[in-house]
Amino acid sequence: MALRTIVEKGERCLEKRCRSVVNFDERLHILLDDMGDTLIQSGGVGLAAPQVGILRRAVLVLETNVAEGENEYVIELINPEIIETSGEQTGPEGCLSVPGVFGLVTRPEYVKVRAQDRFGEFFEVEGTGLTARCFCHEIDHLDGRLFVDIADHIMDDEELKAYYGAGEDE
């Protein structure tokens, strides 16, 4: 497994719609493993294939909503599709491909996704809070959308500090 280079805003691959994954083979498994290593090393909570220069519909999301004493884990979503949402949350959002920039973005509080696993088997997964936000953010990447394109407001350092200093936890 290897670390992949995370491309940044301005790279054309971040502006393009990704193609569906059709081959669930060793190449896909290597990509997913490399993306997992890259995500963990980066300290992020999600990573989409176009962020490492691959125009395929594959994303990883770190599930952070775990019980005390349990470990966070990575959810692999191939050809993901949001099939249900509810509620609303607005909060700061950042991106590994847009380092140092945060914006206020409104997303659903709850999201259900239908996707395939690395072997092509279909499954559904649900997320709330940060996980729901990540599902939406990463799937947006697959359609060539960045959070800065939909942010209600780009936050400066003072606003970001004030937001997190107010006791709210994202």
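Helices, taken here as DSSP runs of type H or I with at least four residues, are numbered from the N terminus. Under this naming, His 137 has its place in helix α2. The model described in this report is predicted.

Is His 137 buried or exposed? The cut-off for a buried residue is under 20% relative accessible area. His 137 counts as buried because its relative accessibility is 7%. The side chain of this histidine makes a polar contact, at 2.7 Å, with the side chain of Glu 93. Once neighbours within four places in sequence are set aside, the residues in contact with His 137 are Glu 93, Gly 94, Cys 95, Arg 107 and Phe 147.

Lys 112 belongs to strand β6. This lysine has a relative accessible area of 17% and is therefore buried. With neighbours within four places in sequence left aside, Lys 112 is in contact with Glu 81, Ile 82, Ile 83, Glu 84, Glu 124, Val 125 and Glu 126.

## The nonpolar cores

Which residues of the largest nonpolar core touch the most other members? They are Leu 77, Val 111, Val 113, Val 125 and Phe 135, in a core of 21 residues. Two or more residues come from each of β2 (58-63), β3 (73-86), β6 (110-116) and α2 (129-142). Helix α2 gives the most to this core, contributing 7 residues.

Leaving out its neighbours within four places in sequence, Val 111 is in contact with Ile 82, Glu 84, Thr 85, Val 125, Glu 126, Gly 127, Ala 132, Phe 135 and Cys 136.

## Strand pairing

Strand β5 takes part in two pairings, which are set out below.

| Strands | Sense | Bridges |
|---|---|---|
| β4 (residues 89-95) and β5 (residues 98-107) | antiparallel | 6 bridges |
| β5 and β8 (residues 153-155) | antiparallel | 3 bridges |

Gln 89 has Arg 107, in β5, as its bridge partner. Arg 107 is also among the residues in contact with His 137. In the pairing with β8, the bridge partner of Gly 103 is Ile 154.

Notes. Residues are numbered from 1 along each chain as its sequence is written. This is a predicted model: local features need pLDDT of at least 70, side-chain atom pairs count only at pLDDT 80 or more; totals for chains, interfaces and linings use all residues. Side-chain values use heavy atoms; hydrogens and water are left out. A nonpolar core is a set of buried Ala, Val, Leu, Ile, Met, Phe, Trp, Tyr and Cys residues joined through side-chain atoms within 4.5 Å. Buried means under 20% relative accessible area, exposed over 50%, partly exposed in between (1.4 Å probe, protein chains only). Contact means heavy atoms within 4.5 Å. A polar contact is a pair of N or O atoms within 3.5 Å; within protein, one must be able to donate a hydrogen and the other to accept it, and residues adjacent in sequence count only if both atoms are side-chain atoms. Two strands pair if DSSP finds at least two bridges between them.
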